[in-house]
Amino acid sequence: MQPSRCSQVLPLLAMLLVSTLVSAQASQPPTLRIDVHQVKGKVSPMLYGLMTEEINYSYDGGLYAELVRNRAFQDNRRGQPFHWVLYESGNSDAAMVIDPSMGPSAALPQSLALTIRNATASEPAGISNEGFWGIPVRPNTVYQGSFYAKAADPAIGPITVSLINDDTAKVLATTTVPTLTSDWKQYPFTLHSGTGTPSANNRLVLTAGKAGKLWFSLVSLFPPTYHDRANGNRIDIMEMLAAMHPAFLRFPGGNYLEGDQINERFQWDKTIGPLVDRPTHRSPWNYPSSDGLGLLEFLEWCEDLKMEPVLGVYAGYSLRQVFVQPGKDLEPYIAEALDEIEYVTGNTDTKWGAERAKDGHPTPFKLTYVEIGNEDNHDRSGTYDGRFAQFYKAIKAKYPDLQLIATTLVKSVTPDVIDDHYYHSASQFFDDVAHYDKADRQGPKIFVGEWATREGSPTPNFNAALGDAAWMTGMERNSDIIIMSCYAPLFVNVNPGGMQWESDLIGYDSLTSYGSPSYYAQVMFSNHVGDQILDATLDGTPLRFFYSVTRDSRDGKLYLKMVNATASPRTLTIRLEGVSQVSKNGKLISMSAKTTESTNTILDPKKIVPKESTIGNAAAQFSHTLPPYSIQVMELEAH
Ligand code: AHR
């Protein structure tokens, strides 16, 4: 039977109606509904922190303000030290060689021997250091330095110490150490620079004006440091970190904790006390570490930025698949960790608390979290379960209040916290933002102890910042179980040869530093987080749009984080449910870029930065448009 004309037309009309309705709906901006009184959970007060290790010249040639490279002559080839050259002026004549049997201490058994065959006061000879890709000199600045030395014959006379510009040969600062003795001694000195412009292409030169033989060790020079700490940190980089308001510092790694071999692990007790008693060690990132930034300096860094230490202790696994069997063999490493915890937290009537006091810090540090190892999922021996359990029992027996973090899943005991790491592309993070939405709330808490969108080199580009921001919305929504998170790596020296790992949050050379777009995304997020996670839902599933909403119970402020990771503007209706009063003026912090490849560099450090403005149309329901490729934080007053 033929269908009637009417029965043919009706389905067509219905289809037309449905498609009109669908397209009308599609053209409606989606609504972000926020139930202001529906608190889903508490935001962890330690959600945003820092992770750090010696990688990419993070400390030596980075945060640690020492300007002399290879200061203790531990980095040499065929008897010649890297980064040092002879200085011979006019007819002067000298030779230098590493003397392996002459050093100022048991920890530094070697030194640089300098034999001056011919020199005069006007044509001196000596040694010069190139610093970490140049020694930065700023005008009207005071530099504090010292060196250890001994002379075969003190008649060699005074040592002149100068900062000299490589391009102009101009002496930018100079001083004299009047006499040396024939015993090892430390000679302090001060250099004052004059007027001029800041420059990096300078070297430190130590010379004598007479023939003779000398030995040098631990040649050191510091510019002014953050909080004026002796042996302290670079001011510019510390200020960038302070702007992030980090709650904690995870240290000392990362792979740097583990070392390639067991004897290359971070041996904390070899990084404390006078610098001359620190033997230095090779880092797994293939360059030597001066250990000038040692355990106490990490803790003082925490103190300076009001962060809590999250202490990683060596747990019997090093990167070349070297491991210690649980049981008797592991006991010395457990003792090492217990001593380390005592150094951090012990009163001065304990052995290691007294040692810390001797090192200049009688007050114990607050410590809540200790991490047992790093990325032990890479240990193919399968010993982590046993190693973790042994550490867990020993540490809990002495310090029951400490929260212990496992670096991978374990079965024998239940860790307090598990450390999860994510190095992803932006699109992987976009696809995985809901990762923890359905996670078990009864199990161990989560520490996202390393994460980063790895796009852009040396520092991340804007696509990476979008990936990071999207991921952070997911972490904030789940910050009832994600108690801490930190990006890695934190630092990179952008000079050739400075980077071992691409996409690092903050870049620098010897003179300046800059934040990547990812750095600014973190500043935006960590400075605007309340203490309550609010329930928020978005109509439909708009492509590559991400959000989280928190509220501060103390002042009622609402924080909306929004990420538009598409090339088109995105309009939303924002509906605040359960509010009686909304201030029409809200704060908007917005960061956007024209392309996903856009980025900041050492030469163009502020190309992409967040901009603050006021929105004047906030209400219980209002419309808001995000620009293409944008990350926004909106702060609203709603009661
Ligand atoms: O952040 C760089 C490295 O990545 C860390 O040292 C290590 O823990 C991870 O594999």
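Q: Domain bounds come from an automatic or database domain assignment; which domains each give at least three residues to the lining of the second largest pocket?
A: In this predicted model, domain 1 (29-46 + 530-637) and domain 2 (50-65 + 226-526) each do so. A pocket is an open set of points on a 1 Å grid over the protein atoms alone, where a 1.4 Å probe fits, with protein on both sides within 12 Å along at least five of seven lines, and lining residues have an atom within 4 Å of a point.

Q: Which residues lie nearest the centre of that second largest pocket?
A: Of its 24 lining residues, V433, A434, D437, R477 and Y547 lie nearest the centre, while helix 9 (462-477), strand 29 (532-538) and strand 30 (545-551) each supply at least two residues of the lining.

Q: OK, and where does the largest pocket lie?
A: The largest pocket lies between domain 2 (50-65 + 226-526) and domain 3 (76-222), because both give residues to its lining. The lining has 26 residues, with F222, R229, A230, N231 and L275 nearest the centre.

Q: Which strand gives the most to that lining?
A: Strand 9 does, with 5 residues; strand 14 (212-222) and helix 4 (295-304) are also among the elements that supply at least two residues each.

Q: Switching topic, where is S58 placed?
A: S58 sits in the loop between strand 2 (50-51) and strand 3 (76-77), and its neighbours by contact (heavy atoms within 4.5 Å) are E53, L63, Y64, Y287, F491 and Y508, leaving out residues up to four places away in sequence.

Methods
Residues numbered from 1 in each chain as written. Predicted model: local features only at pLDDT ≥ 70, side-chain atom pairs only at ≥ 80, totals over all residues. Heavy atoms only, no water. Helix = DSSP H or I, 4+ residues; strand = E, 2+ residues; numbered from the N terminus. Domains from an automatic or database assignment.
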